[in-house]
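Dear colleague,

Please find the structure below, followed by some notes on what turned up in it.

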Amino acid sequence: MNLDRDEPERGTFTIIGEGLTPRLAWFAEGLRQELQRRGHEFFERPIPDIRLVLSVFPHDKPQQYRRKAQATFVVGITELPEQPSDVLVTGYPYLLRALANLVILLLPGQEGIEAHFITLERGHYTVRHRPGRDDDFFAEIYERLHPLASSRLVINNIFRTDLEPELWNGDEITEQISRAGKRLDAMNLLPAPFPVHEILTERELRHVKRLYGLGGLSYGNLSARKDRNRFWMSASGVNKAKLEVIGQDILLVSGFDPAIPAIILSVPPHVQPRRVSVDAIEHWMIYQQHPEIGAIVHVHAWMEGIRSTEINYPCGTIELAQAVSRLLAQEPDPSRAVIGLKNHGVTITGRSMDEIFERIEGKIIPQVPMS
């Protein structure tokens with residue numbers, strides 16, 4: 001796998017959906033024409049390794065597309081008759097019900113149609129249609145959509161039972177991570193996960209977890225360097241305020257296999273391991289490219305006056321990892337930096353976990369600005 005790909009790929013796509021309203025049919029056709037104009041190949045029916053699926057459905061009949069390949073990116077598209085009081089709360093269930101990577105809600109606005117993008121990470125941003133400017137509208141939709149749809153996920157884990165026995169119960173670094181999780185909880189920086197169990201069946205939830213490489217939907221993660229090539233990191237979907245068991249709550253990342261691609265983890269032989277946080281590829285790249293960094297905290301919060309990524313790449317993608325690492329390289333001191341992830345949160349680096357909290361105390365803004 002080429003980690004340094006400069007240009008996003010132009011791939012295959014299809015559109016599925018029946019019983020569409022005139023507005024949904026207009027949107028699907030406009031997006032189809034824009035994708036083909038940009039060099040993407042359209043298929044009337046999905047092929048097994050289709051790259052992009054536009055799943056268009058009436059708001060009262062969400063449909064699901066079950067992927068045949070991990071690289072398939074699904075966009076759920078629907079419309080609502082009026083603006084809800086909270087677009088994110090109203091729209092997020094459609095993302096889950098459609099088993100989609102992204103959902104686009106078409107809503108009536110004061111000046112015309114608004115396309116609201118909603119991501120798994122609870123990102124929310126808007127593209128507005130201007131009367132008589134269809135071409136500009138669909139070009140802007142494409143510019144927002146294409147980088148996300150062409151990004152490359154790293155959500156596979158390889159577990160090796162080669163963790164040194166003296167680390168089976170952790171060390172002073174895992175104790176720092178455990179204390180840090182409690183501090184995040186005390187600072188009210190561990191937002192409650194969206195109640196997916198109230199929306200999805202157990203079968204659908206299992207599919208969502210496989211799709212996104214998640215142990216569960218929870219937000220925020222912590223890691224700290226063990227040595228030059230290894231680091232400890234919180235697991236996916238666990239209570240960050242109670243990080244205790246090595247191999248289940250905290251795992252040792254010992255490598256990355258770009259051919260699969262997959263994160264390699266060293267675990268004790270007697271533990272049934274959990275998946276590491278989906279952000280492990282971002283942390284791995286940061287530690288590899290910035291050896292002076294000793295710890296990383298990621299939270300769904302914000303700080304004033306920080307550099308930010310320009311594109312709302314999904315968690316667990318090589319593109320997000322590269323974007324954050326490039327911004328870190330521009331900082332006066334990458335080992336003591338705060339980088340914003342657009343419509344998402346912040347990644348904070350430090351020489352140690354304790355040093356990070358000394359710097360951010362009283363400076364964190366719980367609400368992430370959306371744009």
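Which residues point one way from S1, and which the other way? Thr12, Thr14 and Ile16 point to one side, Phe13 and Ile15 point to the other, and all are buried, where buried means under 20% relative accessible area, exposed over 50% and partly exposed in between, with a 1.4 Å probe and protein chains only.

This is a predicted model, in which local features need pLDDT of at least 70 and side-chain atom pairs count only at pLDDT 80 or more, while totals for chains, interfaces and linings use all residues. Residues are numbered from 1 along each chain as its sequence is written, and side-chain values use heavy atoms, with hydrogens and water left out.

Strand S1 covers residues 12-16, and because 5 of its 5 residues are buried, S1 is largely enclosed by the rest of the structure. Helices (H or I, at least four residues) and strands (E, at least two) are DSSP runs, numbered from the N terminus, and two strands pair if DSSP finds at least two bridges between them. S1 runs parallel to strand S2 (residues 41-43), with 3 bridges joining them, and Thr12 stands opposite Glu41 in S2. S1 is also joined by 4 bridges to strand S3 (residues 52-56), again in parallel, and there Thr14 has Val53 as its bridge partner.

Turning to a side chain, the charged end of Arg32 sits over the ring of Phe42, 5.8 Å from its centre; this term requires NZ of Lys or CZ of Arg within 6 Å of the ring centre and within 35 degrees of the ring normal.

With best wishes
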